[in-house]
Amino acid sequence: AGAFTFRRMFANTTISFSNLVGPTEKIELCGHPVVFIAPSVYGVPQALIVHYQSYNNTIKIVLSVDEEIFPNYSQLLDDFVESFGLIKDAASRLSESIKKE
């Protein structure tokens, strides 16, 4: 019943977002430093899946794109880069104005 419900829910969803908070300090796995964490999923029927992962004061974004729905996916990636640059600039200006108060 659970598998049926989740499959049906994901089959009727166009886009999904995932936001995971990672560790705040650097970690190692078997003595090797972890540079970044990039989770993703495979086989779900969404045209666009966006994963956000924060780790060590950085955010990694993983996009899974259906090429039939987004044939120019490189433009989509460029749009994401531009959008997050605008968000970062706005957040830094907000942070400065809060510090002044």
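User: How do you know what share of the contacts in the protein chain, at a separation of 6 or more, comes from residues 24 or more positions apart?

Analyst: Happy to start there. This is a predicted model, and a contact is counted when heavy atoms lie within 4.5 Å. Of the contacts with a separation of 6 or more, 46% join residues 24 or more positions apart.

User: Which elements make up the protein chain, and in what order do they run?

Analyst: The chain has two helices and five strands. Starting at the N terminus, the order is α-β-β-β-β-β-α.

User: How confident is the predictor in these elements, and which have the lowest and highest mean pLDDT?

Analyst: For the chain, the mean pLDDT is 78, with 83% of residues at 70 or more. Among the elements, strand S1 (residues 15–21) has the lowest mean, 63, while S3 has the highest, 88.

User: What makes Leu 48 count as buried or exposed?

Analyst: The cut-off for buried is under 20% relative accessible area. Leu 48 has 8% relative accessibility, so Leu 48 counts as buried. This residue lies in strand S4 (residues 48–55), and its C-alpha atom is 5.7 Å from that of Ser 64, 16 residues apart along the chain. Across the protein chain, buried residues make up 14% of the 101 residues.

User: And why is Cys 30 called buried or exposed?

Analyst: Here the cut-off is over 50% for exposed. Cys 30 has 73% relative accessibility, and therefore counts as exposed. Cys 30 sits in the loop between strand S2 (28–29) and strand S3 (32–33).

User: What is there to say about the phi of Cys 30?

Analyst: Its phi is near 55 degrees, a positive value in a residue other than glycine. For context, most residues other than glycine have a negative phi.

User: How many aromatic pairs does a search of the whole structure find?

Analyst: That search finds one aromatic pair. The two rings belong to Phe 80 and Phe 84.

User: How are Phe 80 and Phe 84 placed in helix H2?

Analyst: They are four residues apart in helix H2 (residues 73–100), so about one helical turn separates them.

Definitions and conventions:
Residues numbered from 1 in each chain as written. Predicted model: local features only at pLDDT ≥ 70, side-chain atom pairs only at ≥ 80, totals over all residues. Heavy atoms only, no water. Buried < 20%, exposed > 50% of the residue type's maximum accessible area, 1.4 Å probe, protein only. pLDDT = per-residue confidence, 0-100. Phe/Tyr/Trp six-rings, centres within 6.5 Å; stacked < 30°, edge-to-face > 60°.
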